[in-house]
Amino acid sequence: MNPARDEILQALRNNRPTPENHPLPPVRTLGDLDASRERFIASLKILGGDVLEPVEGETLDQAIARRHPDAKVICSNVPEARGTLPVEKVKTPQDAATIDVTVVRAPFGIAEMGSIFLSESQLPINSFAHLGQHIVVLLSPDSITANMHTAYQERPEFRSANYGVLMSGPSATADIQGVLIRGAQGVRSLSVWFA
Amino acid sequence: MSNKPVNHARAAEHFLEDAPHLQFHDERLWDMRQKRDAQMHILPEWQELREEASRIKEHTLSRLPEYLEQFEANAKKNGIHVHWARDGAEHNRIVGEILKAHNARNLIKSKSMVTEECDMRPYLAKQGVSVTETDLGERIQQLDDQLPSHIVVPAVHKLTSDVAKIFAKDYHTDPNIRDPHLLAEAQRQAARPVILHADAGMTGGNFVVAETGTFVVCTNEGNADLSATVPNLHIATIGIERLVPRMADLGVFIRLLSRSALGSPITQYTTHFRGPQKGGEMHVVLVDNGRSARLGMEDFWTSLKCIRCGACMNTCPVYRRSGGLSYGAVYSGPIGAIIDPTFNERKYSTLPYASTLNGSCTNVCPVKINIHEQLYKWRRVLVQHHEMPFVKREIMHMAGKLMGQPKLYRAAIKATEVSLGTMPRFVLYNWLNPWGKHRENPHPVKQTFNDWYRRNREKARPAAAPETKK
Amino acid sequence: MKIGLFIPCYIDAFYPEAGIATLELLEKLGQDVEYPLDQTCCGQPMGNSGCNSDAAAAEALFVRNFAKYDKIVMPSGSCTHHVRDNFDAIPQTDEVRHVRENTYELVEFLHDILKVDAFPWAEFNHTVGLHNSCGTLRALRTASMSELGEKPFSKPMDLLSKVRGIRFVTPKRPDECCGFGGTFSVTEEAVSAKMGVDKVRDHYQAGADYIVSADSSCMMHQQGCAERAGVPIRFIHIAQILNGAAQ
């Protein structure tokens, strides 16, 4: 039917080492199991992300305006922030390109890495997380899992989302003479707002 | 493709002549190795993770046909089109056809070593498809028409001034820019419109999960996510060895990958693709290109465990002082030297010799590939397959004979002692001239140890020839 | 326990003092040591270059010379590594297995077998940097390896620290290969020499007067690099220090 497929699979069957000699090891949970907000924040900062802390009863909109004073187009996909551009206006992947600050909610974070998870369930369109200049991510401190083992074992989103990204700080590169630059091709900054 | 053996030694010599580039290259990669060590020290479970990773990979390779079929079934269920390519040409044809069917002329892509293996860009260029690399380092290499010199940091052999010159030509920026931030910004500004107007996006795949039909892409720049989410057509090229059985296995590999590669805990983006986005189409091309044959090589099949972190390159003292391009191959450094000969034994016959067999590569490998032992074994295979230069082979043959005959050997030493102004030829077997190019010869001595022993100890014991143990 | 002493070809020809120190040291420690006169080479150069069948004659001779001893000791890590791990150009008879299983590098022999706890005759009033050859470090595992993050240990350091007056410095990249690599030193001479000069500079900048090593082959290469580059540092085999070298 598909000669390439059949030929490859047959060659693999002929050539593989004896399967009985290589049993599948059981799934293990190794390492630090601290799922605290403090560990999450420390990890997030290592990767260049930051926490947006409210100052004296500030609303989220006010805090975003304070952090990104030059932002003109703020687009929020969460009820906690109003933004300036209604999210319904973002219909095609390219529409997200004009946004200065996107606001989303992550269903969970990972303390070991300071990562937040986003999928199509949290995004009007997948490029929403990447084409804006900056991103503000809402995260409940109760939704932090300890490390990569617990994340993959416990979070159902990995099995249900068609598109699921763990973002650990903003985009970065060190491809020019080893100099670390935050804000390469994707977002220039990533801030987490605990709520 | 020419079959002429790569002259690594000469290319390395050339690389060594440029002190500023050499010094940066060595120090930058050594710094990555140091950062990797720091991450290892943070995790008491590091060696357990390596062991787990190795066992999961070996298991998967031993059941690869079953896991590939499982992946294919799950991926199809989720709406992914799955293709199979026996070699690079077939891969390129498949990708070309997908693009043609969508009338796609502008392709943006993130870094993929497999597409380098397949030499895809020139093929697509001939079909009238414009291909733009979106990873900064890979883009620099594309504009400079060079292979990536490192699998993780493709332009690590270049300095800021080199990049400034390249960008000046293509992006019309100031050739005298010396601030990497300005150059990275120039890349961002140049890439954005290309990304927004692309017809198709292409990525590789770091890991493939059989039980869910997911593939995972790890980047720091976010360029793979842009390539995959802005255009509605996403093609992923993936080597068939990239499978893991379970979603939970990713926990082990993601914890090891970036720590080993760059010494950062995780890549900034770890993206899980399980199906096309709303209104989009997704294709996965599974590429063999020699992998199924390699699986049958008893001494070398474990090289398929490789997760392409580049840690072996960073730690390799030879790689750091010769540069990735000196290997003349898609894969450079220690891992390249054990993989490349499977693609072309004659052309890459010199690469297993571009090593001191020091073993540091094996120690840093997150999936425990015995790289330096495979280098040693490749040398045996290459000699058996007559891929060693005749003169070197003959010298070894003569030396081996001499070493079996103590009387002739002693006579040879005596002869050299007389003319010991030069390097005694028997020790390093005649093709010794290069020794003295950058080094002094060892100093002549009045008597060998053997002579000394005869004079000072021999009378204490009988001079009979040694007997073998009963 | 009867000990057969193997002196590698380059020590025999260029560093006889390292061989003499090895013999004298073992004798001082009360050992019954013999040096079979008809020895040549362990076969490593042929084995490492891939020409394994050409190592057969050397390996057969090695076994003829040493099979009758209880232990075989040599002041060389890389030769020990070859005998122990790669010595398979000849059929693996009981005799061959006996030889392979009972071959020791000098430091391991002193540290693990004799468990020497003092060298009362040894004094060395110099600052030294220790060079572990990759053979001793990563194949024989005589010291902890930086890549593995294991608990630090060092058999050569354990021995050297029993010497009066000795001071130690640590280079920035303590277990980076020096670039000798056997035939690598000539086939890849440019990289090899660069690695060598980087290595000796690293020790010199750390403040070492001497580089001490259990492998003369690495030091032969390093010395050549140091002399050419004008790095004023001296070289000494560990056996010479432990034997009470009066430098």
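Chain A folds into six helices and 11 strands; both are DSSP runs numbered from the N terminus, with at least four residues (H or I) for a helix and at least two (E) for a strand. Its radius of gyration is 20 Å, well over the 16 Å from the globule rule for 195 residues, so chain A is more spread out than a compact globule. That radius is taken over C-alpha atoms, and the rule is 2.2 Å times the number of residues to the power 0.38.

This is a predicted model, in which local features need pLDDT of at least 70, side-chain atom pairs count only at pLDDT 80 or more, and totals for chains, interfaces and linings use all residues. Residues are numbered from 1 along each chain as its sequence is written, while chains are lettered from A and ligands numbered from 1 in the order in which they are written.

**Chain A as a whole**
- The C-alpha trace of chain A spans about 65 × 40 × 40 Å along its principal axes.
- Of the 195 residues in chain A, 48% are buried (20 or more other C-beta atoms within 10 Å of the residue's own, with C-beta atoms placed from the backbone).
- Take the contacts in chain A between residues at least 6 apart in sequence: 71% of them join residues at least 24 apart. Two residues are in contact if their C-beta atoms, placed from the backbone, lie within 7 Å.

**Where the chains meet**
- On chain B, 76 residues are in contact with 63 residues of chain A.
- Helix α3 (residues 46-62) of chain B gives the largest share of chain B's side, nine residues.
- That side of chain B has 37 nonpolar, 22 polar and 17 charged residues (Ala, Val, Leu, Ile, Met, Phe, Trp, Tyr, Cys and Pro count as nonpolar, Asp, Glu, Lys and Arg as charged, and the others, Gly among them, as polar).

- Eight strands form an open sheet with mixed pairing, in the order β7(A)-β4(A)-β5(A)-β8(A)-β9(B)-β6(B)-β5(B)-β8(B); strands pair if DSSP finds at least two bridges between them.
- The edge strands, β7 (144-145) of chain A and β8 (243-244) of chain B, each pair on one side only.
- Strand β8 (residues 163-167) of chain A pairs with β9 (residues 269-273) of chain B in the antiparallel sense over five bridges, and A:Tyr163 has B:Phe273 as its bridge partner.
- Strand β6 (residues 214-219) of chain B also pairs with β9(B), antiparallel over five bridges; here B:Val216 is partnered by B:His272.

Methods:
Buried ≥ 20, exposed ≤ 12 C-beta atoms within 10 Å, placed from the backbone.
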